[in-house]
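Here are some exercises to work through with the model open beside you. Try each task before you read its solution.

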Amino acid sequence: MKNNRFPGTVKTNLLSLPVYMSILNLVTSLLFSCSSPEPKEEGIREVQISAAFDKNEEVGVSEITDGEIEYILLESKKECLLGGSAQVFATSGYILTIAKNQIYLFDRKTGKFIREIGHYGNDPGGYKRVIQAFPFDEERLLVYANGWDPKSYFRYSLTGEFVDKVQAYSIDKEDDLINNDFGEIITSIAPLNDTCFVGYVWNINGKQETKLIVFNENNHRIKSFPQYKHFDFDINRDGISVFQWNAKYYQLDNQLHFFERFTDTVFTVTPEKFEPRFILHKGETENATATEYAKSSGQVAYLLMENIFETKRFLFFKVGKTVEEFKRNFHYGFFDKVTGETKVSNNVSGLENDVDNFLPFIFLSANQNNEIISSVDAYKVKLWFDENPDKAKKISPELQKLKNIKETDNPVVIIAKLKE
């Protein structure tokens, strides 16, 4: 059987990959300050997610933060009311929220609505849909959305203005989809630097030869990285399983990192290299596919990755487990690069907020200021105050300010300073 863990696949013995042994042997010395240890950089790190999941333990937010937590109630004017399941990002001065056909900017300190970023619409400067894979470039302060041409991406500044359009041309085939033949479908892009991008080729039929392409602003292809995960697929038999994202990108320390759904490896990507960074042990096998997961009725052993991002000390993730057909429970966890421990909360609502004794804490994103960002719907906050009058008397004055919230208000954004 072909050995195919690297790049981007699953279930292979690391010792059988001599080409990567040099990576494993590169050990960066640990630098300890008087305040806290530095994360270990020992080549490829192994993250034992399924083992941590099986422990079924309660995990507190105090394990990742030293106690500095902000709560910002977003302004709830008619022109800025958010739809459900919004993505939330934060800089030192702003809060950026992205929901269906909505990209809104708020003040970080006050929660006041500042402006809409771009706009939905088939007119000059209007986008077709918001995206999941890489919506916000924090390093360049640019917001990404899909253009109306499926091969185009629009970029907007935080001033709300349209900046430019990035084209990611695919290599098309003329074959009929009914005959199980698919062209090269690029479903997401991210910047590698100021002039180069990387595009993910959706392995929709298990037969794609390319995983990532590197191209410049003129859409000239510079390099491609191969796809080694192949599987049997027939559109008439299996149909097409569509998820909100097929690949995720995140930034850390001026580097881009990449993860493909239904594989086990997080990679670091540069214009020249594609190197494994984390191996995620989620219980999957080399046969794990979207079709297998989508058609399951609670019998799938492996965990589906729903979100992933990294900070200086932690790798954060959200995993889903199928409990019955079309229903999944989601859990939040992290890998501590200092201790080498992996933890997953048994609470589907998030980590226990044992710092403020308030609602559970979920992960949405992180920023370059070593902060993690969460949010909670207004109706949940109101319900908590209604059901916990005694606890409400003991919480901090900052949280007391939320007791008059309306269930129709915008969410409360929560930002915690992480341990270093």
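**Exercise 1. Find which residue of E23 stands opposite Asn-307, and describe the pairing around it.**

Step 1. Asn-307 stands opposite Lys-318 in E23. This is a predicted model, in which local features need pLDDT of at least 70, side-chain atom pairs count only at pLDDT 80 or more, and totals for chains, interfaces and linings use all residues. Residues are numbered from 1 along each chain as its sequence is written, and side-chain values use heavy atoms, with hydrogens and water left out.

Step 2. Strand E22 (residues 304-310) and strand E23 (residues 314-324) run antiparallel and are joined by six bridges. Strands here are DSSP runs (E, at least two residues), as helices are (H or I, at least four), numbered from the N terminus; two strands pair if DSSP finds at least two bridges between them.

Step 3. Three residues lie between E22 and E23, and the two strands form a hairpin.

Step 4. In E22, seven of the seven residues are buried, so the strand is largely enclosed by the rest of the structure. Buried means under 20% relative accessible area, exposed over 50%, and partly exposed in between (1.4 Å probe, protein chains only).

**Exercise 2. Work out the strand order of the open sheet of four strands, and why one side of E3 and of E6 is left without a neighbour.**

Step 1. The order is E3-E4-E5-E6, and the pairing is antiparallel.

Step 2. Strand E3 (87-90) and strand E6 (113-116) are at the edges; each has a single partner strand, so one side of each lacks a neighbour in the sheet.

Step 3. From one strand to the next, the twist averages 20 degrees. For such angles, axes are lines fitted to C-alpha atoms (for helices over the stretch in contact), and the angles run from 0 to 180 degrees between N-to-C directions.

Step 4. Now look at strand E4 (residues 94-99) and strand E5 (residues 102-107), which pair in the antiparallel sense over six bridges. Within this pair, Ile-95 stands opposite Phe-106 in E5.

**Exercise 3. Decide which residues of helix H5 are buried, and how they are arranged.**

Step 1. In H5 (residues 378-387), the buried residues are Ala-378, Val-381, Trp-384 and Phe-385.

Step 2. Looking down the axis of H5, these buried residues fall within an arc of 125 degrees, so they line one face of the helix. The arc is that of the directions from the helix axis to the C-beta atoms.

Step 3. The partners that the buried residues of H5 pack against are strand E27 (358-361), strand E29 (371-376), helix H6 (389-392), H7 and E30.

Key
Contact means heavy atoms within 4.5 Å.
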